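This note sets out a few points on charged residues and backbone geometry. Please read it beside the sequence and the model.

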Amino acid sequence: MPDQPRPRVLSGIQPTADSFHFGNYLGALRQWVDLQDEFEPFFFIADLHALTVEHDPKKLAERTRVAAAQLIAAGIDPERSAIFVQSHLPEHAELAWVLNSLTGFGEARRMTQFKDKSAKGGEGAASVALFSYPILQAADILLYRPQYVPVGEDQRQHLELTRDLAQRFNHRYKKTFRLPEPYILKETAKIVDLQDPTRKMSKSASSPAGIVDLLDDPKVTAKKIRSAVTDSDTVVAFDEEKKPGVSNLLTIYSTLTDRTVEDLVAAYDGKGYGDFKGDLADVVVEFVTPFRDRTHELLADGDELDAVLRRGAEKARAVASRTLADVYDRVGFLKA
């Protein structure tokens, strides 16, 4: 009896910084690695999405390579997963245009992230790309007709839009898209700012001291962990409301070592924050050092890294081109 095909899963990450940070890795990328065991994965660098905000063109290509190298260093295997760059497949933008024609203006305007991201400069200063990027995101997903899409809570609304657009297309033309289901990452680690634990660790919102970049010098990383905000107490305990800083450090410690938070709390019973943060700094350095070394090793062989991305794009195109051909046929475009 032939092997059953594995369910397809898809996700992407933007190349908007010089390094991924702990929030990226512990909140999502670590779980992507595990998905390779059960699914047929497609992972892409979302460089088209990087244009939704002002960016430095001189840095975009380099950041795209750095992002790809970090995915591999994190454990994404190019032999088991398609790793590719979004802009290498024009099918993404072409399908997005078709989906634009099915999306209501009010529907797009209700997207929470557009409201949040346009709030700083005002809606008048926001680009049309920022307004419509959930529709491009829907195209990213539907192009590969995946069964599952790994999502955090902040992306759930966009997946609902994707499902709505898939249903609308299927109803108006012909059944073409499967409705992707959310794959809620189990025990997703929510990592917050080391200096302001009331906010998420983020490139746009965190101070340099509050964010742990995976490609930082390990000595700098250790110092940031030791300098993380805790509280005036000395008890190592998990309480996100009363002790958000300590709880965040416990989450990082637990996720990196696979020890439970309860085990860690018991291990540091009667010890102060100094011992706890010192040990965590050692754990973090032990993790980031080989990750950083492997990333730099991959970047040093640019030709091979580019070849990995070309092979990934070929795998992706084999699926994406078929989907787009079906879409073009069903909306009535004249064949070339």
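Is lysine 243 buried or exposed? With a relative accessible area of 9%, lysine 243 is buried. The points below take up this residue and several others; the model is a predicted one.

1. Lysine 243 and its partner. The side chain of lysine 243 meets that of aspartate 231 in a salt bridge, at 3.2 Å from N to O. The two residues, twelve apart, both sit in the loop between helix 8 (218-226) and helix 9, and the pair links distant parts of the chain. Aspartate 231 is partly exposed, at a relative accessible area of 26%, whereas lysine 243 falls under the 20% limit for a buried residue because its value is 9%.

2. The bridge between arginine 63 and aspartate 18. These two residues form a salt bridge whose closest N and O atoms are 2.9 Å apart. Arginine 63 belongs to helix 2 (residues 57-74) and aspartate 18 to the loop between strand 1 (8-13) and helix 1 (22-35), so the bridge ties together parts that are 45 residues apart in sequence. Arginine 63 is buried, with a relative accessible area of 19%; aspartate 18, at 48%, is partly exposed. The count of salt bridges in the model comes to 16.

3. Arginine 80 counts as partly exposed at 35% relative accessibility, and aspartate 77 counts as partly exposed at 26%.

4. Glutamate 91 is placed in helix 3 (residues 91-100). Glutamate 91 is buried but has no salt bridge. Which side chain of opposite charge is nearest to glutamate 91? That side chain is arginine 317, 4.3 Å away; the salt-bridge rule asks for a nitrogen within 4 Å of a carboxyl oxygen. Apart from neighbours within four places in sequence, the contacts of glutamate 91 are Leu143, Arg317, Ala320, Ser321 and Leu324. Arginine 317 is thus in contact with glutamate 91, although no salt bridge is counted for glutamate 91.

5. Asp275, Asp279, Asp282 and Glu286 form a negative surface patch. One of these residues, aspartate 279, is found in helix 11 (residues 273-300). Aspartate 279 is partly exposed, with a relative accessible area of 32%; a residue joins such a patch only if its relative accessible area is over 30% and it has no salt bridge.

6. Positive phi values. Most residues other than glycine have a negative phi. Arginine 145 has a phi near 45°, a positive value in a residue other than glycine. Arginine 145 lies in the loop between helix 6 (128-142) and strand 4 (148-151) and counts as partly exposed at 22% relative accessibility. Aspartate 258 also has a positive phi, near 60°. The place of aspartate 258 is in the loop between helix 9 (244-257) and helix 10 (261-267), and aspartate 258 is exposed, with a relative accessible area of 60%.

Notes
Residues numbered from 1 in each chain as written. Predicted model: local features only at pLDDT ≥ 70, side-chain atom pairs only at ≥ 80, totals over all residues. Heavy atoms only, no water. Helix = DSSP H or I, 4+ residues; strand = E, 2+ residues; numbered from the N terminus. Buried < 20%, exposed > 50% of the residue type's maximum accessible area, 1.4 Å probe, protein only. Lys, Arg positive; Asp, Glu negative; His and termini not counted. Contact = heavy atoms within 4.5 Å. Patch = residues over 30% accessible without salt bridge, like charges linked within 9 Å, V, L, I, M, F, W, Y side chains within 5 Å. Areas by Shrake-Rupley, 256 points an atom, 1.4 Å probe, with all protein chains shown as cover. Charge placed at Lys NZ, Arg CZ, Asp CG, Glu CD.
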